[in-house]
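Thanks for coming. I will take a few minutes to walk through one protein model, so please have the sequence and the structure in view.

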Amino acid sequence: TNVTTLNRINSFRVILFMGNAKGLVSYARGKGSDYEIAMENGMKNLKENVLPINVDAFQALVAPMTVSTNGFIIKVWPRPYQRAWGHPLTYMMLNLIGL
């Protein structure tokens with residue numbers, strides 16, 4: 001195990017986002033004793049946490065949507081045009097969805 005000088009056990013954490021730009025998105029967290037185990041756990045959780053989102057050809061969302069999973073709450077409101085604001089990771093996640 002990887003131990004610090006204060007006898008604390010190091011663990012690695014990752015957060016992953018995935019999307020196909022056609023309405024499917026997934027996000028997950030992974031934790032492990034080293035980076036590879038954290039990525040494996042994150043990828044396993046990523047495949048279990050796929051969320052489908054209806055995508056309209058003229059407007060990405062037709063009604064406000066709230067999704068709650070794994071302690072995260074995501075709220076998305078319909079907009080007639082792309083107006084990016086907030087954290088860059090949230091913007092990237094919404095681009096991966098196709099919104």
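Let me start on the surface. Met 18, Leu 24 and Val 50 make a nonpolar patch there, and together they have about 220 Å² of accessible area. Met 18 belongs to strand β1, which covers residues 12–19. Is Met 18 buried, partly exposed or exposed? Its relative accessible area is 35%, and since buried means under 20% and exposed over 50%, Met 18 is partly exposed.

Before going further, note that this is a predicted model. The mean pLDDT of the protein chain is 76, and 75% of its residues reach 70 or more. Among the elements, helix α1 has the highest mean pLDDT, at 90. Helix α2, residues 88–97, has the lowest, at 70. Please keep that in mind when I come to α2.

The protein chain has two helices and five strands. Their order along the sequence is β-β-α-β-β-β-α. The chain has 99 residues, of which 22% count as buried. It exposes about 7,300 Å², and carbon and sulfur atoms supply 57% of that area. As for contacts between residues at least 6 apart in sequence, 37% of them join residues at least 24 apart.

Next, the inside. Which residues make up the largest nonpolar core? There are six: Val 25, Tyr 27, Leu 51, Ile 53, Val 67 and Met 93. Apart from this core lies another one, of five residues, including Val 14, Leu 16, Ala 28 and Leu 46.

Take Leu 51 from the six-residue core. Setting aside neighbours within four places in sequence, Leu 51 is in contact with Gly 23, Leu 24, Val 25, Tyr 27, Val 67 and Thr 69.

Gly 23 has a relative accessible area of 2%, so it is buried. Along the chain, Gly 23 and Ile 53 are 30 residues apart, yet their C-alpha atoms are separated by 4.8 Å.

Another loop residue is Asn 49, found between α1 (35–48) and β3 (50–52). Why does Asn 49 count as buried? Because its relative accessibility is 8%, and the cut-off for buried is under 20%. Not counting residues up to four places away in sequence, Asn 49 touches Val 25, Ser 26, Tyr 27, Thr 69 and Asn 70. Of these, Val 25 and Tyr 27 are also members of the largest nonpolar core.

Back to helix α2, as promised. Met 93 lies in this helix and belongs to the largest nonpolar core. With a relative accessible area of 5%, Met 93 is buried. What does Met 93 touch, not counting residues up to four places away in sequence? The answer is Phe 17, Val 25, Tyr 27 and Ile 74.

Last, strand β5, residues 72–76, which includes Lys 75. Lys 75 touches Met 65 and Thr 66, again not counting residues up to four places away in sequence. Met 65 is ten residues from Lys 75 along the chain, and the two C-alpha atoms are separated by 5.8 Å.

That is the end of my tour.

Methods:
Residues are numbered from 1 along each chain as its sequence is written. This is a predicted model: local features need pLDDT of at least 70, side-chain atom pairs count only at pLDDT 80 or more; totals for chains, interfaces and linings use all residues. Side-chain values use heavy atoms; hydrogens and water are left out. Helices (H or I, at least four residues) and strands (E, at least two) are DSSP runs, numbered from the N terminus. Buried means under 20% relative accessible area, exposed over 50%, partly exposed in between (1.4 Å probe, protein chains only). Contact means heavy atoms within 4.5 Å. Accessible areas come from the Shrake-Rupley method with a 1.4 Å probe; for residues, only the protein chains shown count as cover. Patches are made of residues with over 30% relative accessible area and no salt bridge: like charges are joined within 9 Å, nonpolar side chains (Val, Leu, Ile, Met, Phe, Trp, Tyr) within 5 Å. A salt bridge is a side-chain nitrogen of Lys or Arg within 4 Å of a carboxyl oxygen of Asp or Glu. A nonpolar core is a set of buried Ala, Val, Leu, Ile, Met, Phe, Trp, Tyr and Cys residues joined through side-chain atoms within 4.5 Å. pLDDT is the predictor's confidence in each residue, from 0 to 100.
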